[in-house]
Amino acid sequence: MLSAAGLGLPLTLALALTAERYSWRPGMLMAGQLWALALLGLWYALAPAEPNIVWALRLVLLLLAAHLAVAAGPYLAELRGTADTPGFWRYNKTLFLRILTAGLYSGVLFGGCALALLAIDNLFGVELDGRWYGYLFVGLATVFNTWFFLAGVPISFAALEQPTPYPKGLKVFTQFVLLPLVVLYFAILYAYLGRILLTWILPQGWVSVLVLALAVAGIFALLLIHPIREAVENAWISTFARWFYRALFPLLGLLAVAIGTRISEYGITEERYFVLLLAGWLLGMATYFLWRRGQGIIWIPASLGLLALLAAGGPWGAFAVAERSQLGQLREISQQFNLLQNGHLDSAAQRQPNLPFKARQRLSSVFDFFADRDALSTLQPLFVASLTPPDSVRRKPNRLESNWRQNRLFTLTGYDRVSRYVTESSSRESAQRVNFGTERNDDTSEVYDLGNGRYWLNDINVHEYNGGTAAGKVVARIRVAGADSFRLRALRYGQQLLVEQRQGMGRWQPRLSVSPGALADSLAAVHGRSLVDYRVNLTVKDLNLRAASSTLSLQLYLTDLTREQQGDTVRYNYQARALLEVR
């Protein structure tokens with residue numbers, strides 16, 4: 001729902017601004033809005049129950065396309081023009097400055113309100129849940145920030161065509177901050193290119209990031225100073241623009257070699273697809289602006305938005321291309337090293353135990369790709385054993401199901417995972433370790449079913465830094481017949497531990513209680529209190545508490561008990577083990 005709302009705001013804003021700019025009839029605007037609502041409904045209906053990396057990347061692409069539609073939509077007719085109109089640049093300048101101003105106001109408001117909450121907490125002794133800071137941030141970042149931005153959206157497109165003074169601050173920022181950074185990136189990358197030509201060593205994949213950063217910074221700088229490029233005193237801008245686009249060509253070649261090397265080794269992933277797409281887009285933009293002499297800046301958001309939309313879906317999109325490439329990688333490795341038996345990869349390590357290091361590295365990369373995207377079903381035809389998590393795994397926390405997916409292909413084939421970031425020599429020197437332990441559910445106690453209705457709670461921790469002990473914090477959950485039937489909850493800063501049972505409609509009914517706080521108070525009365533921390537060693541019998549009813553009994557074994565008083569507030573921190581018996 002939140003993702004649909006996030007997409008809906010820029011999409012409907014782009015429609016409203018475009019309709020206003022071109023004076024759409026009410027019926028046409030209504031049809032466009034219904035079309036947008038239908039797309040948002042489709043997005044909501046197709047959203048996975050558990051978000052994964054594919055869903056997140058697709059959302060980012062659609063958000064980018066929707067925001068670029070706001071930037072370019074009202075001026076799409078300019079694509080057929082031979083010269084830029086001043087209104088397009090001023091419109092986007094207004095939006096850009098409004099975004100910065102909204103961010104500044106929201107940030108200052110958050111800092112001030114957060115400080116006010118902190119003052120209330122410390123000066124008046126009011127215990128505030130730490131989540132209030134998160135609520136405050138989300139509220140300001142969504143509601144206030146959005147309203148503030150929308151209040152500054154241009155309301156008269158005709159007024160944007162009128163001459164206005166160019167903001168001096170933008171020129172200073174561009175000339176003395178952005179452009180020097182662009183020159184610095186050029187110097188680094190051309191030095192690196194020279195090193196490659198001298199040593200004839202293939203470029204590292206990381207160079208792609210720097211080339212893209214250089215291109216984005218350079219194009220952004222040229223957009224900021226676009227209106228003043230024709231002024232006599234700014235003749236250097238046109239010269240810089242020509243040489244910038246020309247200087248990009250060798251670096252785009254460097255980028256192509258770097259990303260091509262990674263693709264030849266590990267195939268295409270979504271990230272490599274995006275790098276290739278951006279490289280092609282930059283090549284097209286550089287060629288176009290050299291030909292048009294810097295005219296036609298609307299093509300930058302319009303073309304980039306279209307590419308983002310196309311990459312988000314379809315057989316040509318990033319996700320379909322990446323999946324086909326990785327599946328092809330797996331088939332290639334399997335055939336090259338005879339890993340298949342009757343068309344399946346089960347127990348491949350028994351048939352080919354000495355698989356070369358590079359092949360194991362590529363195989364691990366493919367397995368991780370499909371596991372990370374929850375797409376193991378795509379590989380089911382290559383395995384006899386099921387790649388669908390069994391019900392026993394599905395009933396466990398999501399983290400355990402994710403671990404099952406991550407390891408399933410390695411378990412079935414018998415190969416160990418090899419990171420693509422390690423070398424063969426370092427792999428030989430590294431010790432192979434595996435650690436086994438019990439799975440903890442959040443910060444609640446480990447619970448062991450001893451049979452006959454007896455449950456051992458191994459590690460009960462009640463500490464103020466865990467939060468929530470003032471209002472009531474769940475410190476243990478006891479699952480009976482696959483569901484949470486009982487829970488142990490700390491109340492009043494740990495003063496009381498309450499055993500509750502789940503009833504119909506999800507209600508929790510109190511059944512038993514013990515009071516570590518009362519025990520700590522009585523011990524403090526006997527052994528005294530001090531402003532200096534000190535410890536009193538007692539016997540096991542002294543730190544036991546028991547409560548029982550006709551159907552339940554709880555035996556609490558405290559291993560550590562602390563009473564802390566500050567003013568009128570008393571807090572109790574302790575560690576314990578417990579035995580719960582259900583009759």
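These legends go with close-up views of a predicted model.

**View 1. Helices α1 and α3 side by side.** Here we're looking at α1, residues 2–22, and α3, residues 53–72. Their axes come within 8 Å and cross at roughly 20°. Angles under 35 degrees count as roughly parallel, so α1 is roughly parallel to α3. The crossing of α1 past α3 is left-handed. On the α1 side, the residues that meet α3 are Ser3, Gly6, Leu7, Pro10, Leu11, Leu13, Ala14 and Leu17. Facing them from α3 are Trp55, Leu59, Leu62, Leu63, Ala66, His67, Ala69 and Val70. Sort the contact by class and you get 13 nonpolar residues, 3 polar ones and no charged ones.

**View 2. Helices α4 and α5 where they cross.** This pair is made of α4, residues 86–123, and α5, residues 131–151. The two axes come within 9 Å, and the crossing angle is roughly 150°. Since angles over 145 degrees count as roughly antiparallel, α4 is roughly antiparallel to α5. As α4 passes α5, the crossing is right-handed. Their contact holds 19 nonpolar, 4 polar and 1 charged residues.

**View 3. His226 in its loop.** Look between α8 (207–224) and α9 (235–266) to find the loop that holds His226. Buried means under 20% relative accessible area, so His226, at 7%, counts as buried. Leaving aside residues up to four places away in sequence, His226 touches Asp84, Trp89, Gly294 and Ile297.

**View 4. Helix α10 from end to end, and the residue after it.** Helix α10 runs over residues 270–292, which makes 23 residues. At 1.5 Å a residue, α10 should span 33 Å, and its end C-alpha atoms are 32 Å apart, so the two values agree.

**View 5. Leu543 and the residues it touches.** Leu543 sits in the loop between α18 (516–527) and β7 (544–548). With a relative accessibility of 13%, Leu543 counts as buried. Not counting residues up to four places away in sequence, the residues Leu543 touches are Leu519, Leu523, Leu538, Leu556, Tyr557, Leu558 and Leu561. Take Leu558 from that list: Leu543 and Leu558 are 15 residues apart in sequence, yet 5.3 Å apart in space, going from C-alpha to C-alpha.

How values were computed. Residues are numbered from 1 along each chain as its sequence is written. This is a predicted model: local features need pLDDT of at least 70, side-chain atom pairs count only at pLDDT 80 or more; totals for chains, interfaces and linings use all residues. Side-chain values use heavy atoms; hydrogens and water are left out. Axes are lines fitted to C-alpha atoms, for helices over the stretch in contact, and angles run from 0 to 180 degrees between N-to-C directions. Helices (H or I, at least four residues) and strands (E, at least two) are DSSP runs, numbered from the N terminus. Angles under 35 degrees count as roughly parallel, over 145 as roughly antiparallel, 65 to 115 as roughly perpendicular and the rest as oblique. A crossing is left-handed if the near helix is turned anticlockwise from the far one by less than a right angle, and right-handed if clockwise. Ala, Val, Leu, Ile, Met, Phe, Trp, Tyr, Cys and Pro count as nonpolar, Asp, Glu, Lys and Arg as charged, and the others, Gly among them, as polar. The expected span of a helix is 1.5 Å times one less than its number of residues. Buried means under 20% relative accessible area, exposed over 50%, partly exposed in between (1.4 Å probe, protein chains only). Contact means heavy atoms within 4.5 Å.
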